[in-house]
Each structure stands twice: as C-alpha cells, then as structure tokens.
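Student: Could we go through this structure together? I would like to start with a single residue and then look at the whole chain.

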Amino acid sequence: MTDIISFNDVLSARDRLHGIAHTTPVATSRTLDARTRRALFLKCENLQRGGAFKFRGAYNLISRLTDDARRRGVVAYSSGNHAQGVALAARLLETPAIICMPSDAPAVKVEATRGYGAEIVFYDRMRDDRAALAQRIATEHGATLVPPYDHPHIMAGQGTAALELLEQVDGIDTLVVPVGGGGLISGCAIAAHGVNPAIQVIGVEPEDADDTRRSLEAGTRITIPPPTTIADGLRVTTPGALTFPIVQRHVAQIVTVSDDEIREAIRFVMLRMKLVVEPSGAAGIAAALAGRLPDSAQRVGIIVCGGNIDPPLLASLWEER
C-alpha cells in the first residue's frame, strides 16, 4: 500500500515554510544523557512560532488554498496548539479564522489564539462532536476546514520538524514522538524513513490516552473514553483515519507514560535545561527518563512538540512537591 504522503511532500513543505517557520534549535544535556544512559537530542518545537509544531502544518495547508478560498476563511478545532497555529498562519496569510476550542482549554492557549485575531467558539469536550461542529460552521461560512492532523498537507508540514532534526544531528538511530491524533508522528516517520529507513520511530502516549497503542495491538482504529490526562494536546479518543495506516507501517512501537512521569520531565527540563515545556511536549522526555525506550535506542531524537503550558499548572508542579 502506498502512503498518503511521500518524502517529497515533506520536502515541498520544507520549501514552503522556509523563512516563515523557525528552524528550531536542538538542546542537549549531559545530565539527561547520564540519567538515561544514551545520547538525547531535543528538537525544541516549544520555541516554534505559536509555541508549538502545529504552525508548520497549518501554514503548509492554508498557504496552498486559492485566493478565493483564503478570502472566505478557515475553520479549525483544537484544544490549543493547532488553534494557535491556524490563527497565526491565517493572520500571516490575511485569512479570517474561526476556531472551535473546548471550554476547558488552557487559558494561555485561548488568550494566544485570540491575540492572533481568530474568533473562538467554545464546545463541551465530554458532550459535543467537535469535528461536526467545525464542519457545520465551515459550511455555513463557505470556509475551509483545517483539521488538526488528518490531512496530507498537515502531516507533511509536521514532518518538517523531523527533517530539520536529522539535518542538524548526524547518526540518530531512534526518533521519539508524542502521539495525539497522529499527524506529527506520521509526518515525522515519513521524513525519518526518507532520510534513513533504518531509523526506528517510537511514539509516546499518556497511560489513559493510549488509543493509538491499543489500535496497533488490535490492528484497527479503536475509540477510548475521553481521557483526563494532564497532557491536553494528547487527549484524543481515536487515531486519525489517514494517519493510522502510516503509523502501522512506519512506527516500531508505542510506549506510555504516567502523568506523574510527565510532571517530573517538565520539572527536569525547566530546572536543568532552562526550557519551558508543556505536558504534551514533555512526553518523549518522560519516556526516556522512565526507562521506556529500548536498549537499541542510543542516539535518540525527541520531538519536544510544544511549550504552551498554563502558568497555574506550571506553578502547581512545585506546590505538589
């Protein structure tokens, strides 16, 4: 079976994002390497425009719309980072944007989305079908729906994060990627295997948001109850219809981490590496610190997917100790 996106699609997205998206730095820590007994390279998408990798896919998709489609605007649904990515890309491309966000979305992400000029419509995460709501709004406005992960241009755009990392660091044998709907890991897997088919790609999910792990075990997409994990960007109930086949073919395994392990990873990178990372972005670091990676993973690239952590949550990490 042919993948819905190719390495050339990731290369095309890289060209489109050149000079628009940041080429984010790679951070290392001798202490982190010593604790995990391997060399870790953190791709700091927490320092990307909008504070997360999501800007890459959003800009790659919206910039490809016709002038007429851009005038009619875009609609998206997101717990925060995709919202900000779409809002920022839409502003840069002078496109109206309406974003459907859950009522419990972190305040810092809501405020940033508004700050980029988007209109926000709230929904109840436990009751409402966010995709159906966004589609209805898009239909009413004649706008284009920009999904958070299940679109080839989104997936290819997200894959540019891994492509950059592999250009910045030689000899990576393992790529570790947080998993929500699968847009980031599917794009990154295509990028990694386009550079070197021997790279093993490992996904990381919170323990109570392990829909992709369960789906891989079942051999088909399954749906889980709405998760309550601290990692709001990974609270997905079922893998994407387009992303999951790529995950099946290109991802070696999915490991899980607890919320406490994620909290400890956030504390570590803030105190020892001076990096502010949100829970979803800390998932891969948590997996490394908790010893979840295989022994074969010795030169490991970790996608730190975002840094938009709510200040009260950040403060609570020390109040709890």
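**Contacts, surface and cores**

Tutor: Let us begin with P25, which touches L42, K43, C44, L47 and Q168, not counting residues up to four places away in sequence. Please keep in mind that this is a predicted model.

Student: Where does P25 lie?

Tutor: P25 is in the loop between helix 1 (7-17) and strand 1 (26-27).

Student: What separates the C-alpha atoms of P25 and A58?

Tutor: Their C-alpha atoms are 20 Å apart, and the two residues are 33 residues apart along the chain.

Student: Let us turn to N46. What is its place?

Tutor: N46 is found in the loop between strand 2 and helix 3 (54-62). It counts as buried because its relative accessibility is 8%, and the cut-off for buried is under 20%.

Student: Which residues is N46 in contact with?

Tutor: Leaving aside neighbours within four places in sequence, N46 is in contact with G51, L275, V276, V277, V304, C305, G306 and G307.

Student: How many residues has the largest nonpolar core?

Tutor: The largest nonpolar core has 35 residues, and L42, I262, V269, M273, L293 and I302 have the most contacts inside it. Several elements each supply at least two residues of this core, including strand 2 (39-44), strand 9 (253-257) and helix 14 (311-319). The largest share, six residues, comes from helix 12.

Student: And what is L293 in contact with?

Tutor: Apart from neighbours within four places in sequence, L293 is in contact with R38, V176, I202, A287, A288 and V300. There is also a second, separate core of 29 residues, with L165, V169, V177 and I246 among them.

Student: Why would nonpolar side chains be together?

Tutor: In soluble globular proteins, nonpolar side chains tend to be buried together.

Student: Now the whole chain, please. How many helices and strands are there?

Tutor: The chain has 14 helices and 10 strands. Of its 321 residues, 59% count as buried.

Student: What about its radius of gyration?

Tutor: The chain has a radius of gyration of 18 Å, which agrees with a compact globule, because a globule of 321 residues would have a value near 20 Å. Along the principal axes, the C-alpha trace spans about 55 × 45 × 40 Å.

Student: How far apart are the mean positions of the charges?

Tutor: The mean positions of the 33 positive and 36 negative charges are 3 Å apart.

Terms used: Residues are numbered from 1 along each chain as its sequence is written. This is a predicted model: local features need pLDDT of at least 70, side-chain atom pairs count only at pLDDT 80 or more; totals for chains, interfaces and linings use all residues. Side-chain values use heavy atoms; hydrogens and water are left out. Helices (H or I, at least four residues) and strands (E, at least two) are DSSP runs, numbered from the N terminus. The radius of gyration is taken over C-alpha atoms; the globule rule is 2.2 Å times the number of residues to the power 0.38. Buried means under 20% relative accessible area, exposed over 50%, partly exposed in between (1.4 Å probe, protein chains only). Lys and Arg count as positive and Asp and Glu as negative; His and the chain ends are not counted. The place of a charge is taken as NZ of Lys, CZ of Arg, CG of Asp or CD of Glu. A nonpolar core is a set of buried Ala, Val, Leu, Ile, Met, Phe, Trp, Tyr and Cys residues joined through side-chain atoms within 4.5 Å. Contact means heavy atoms within 4.5 Å.
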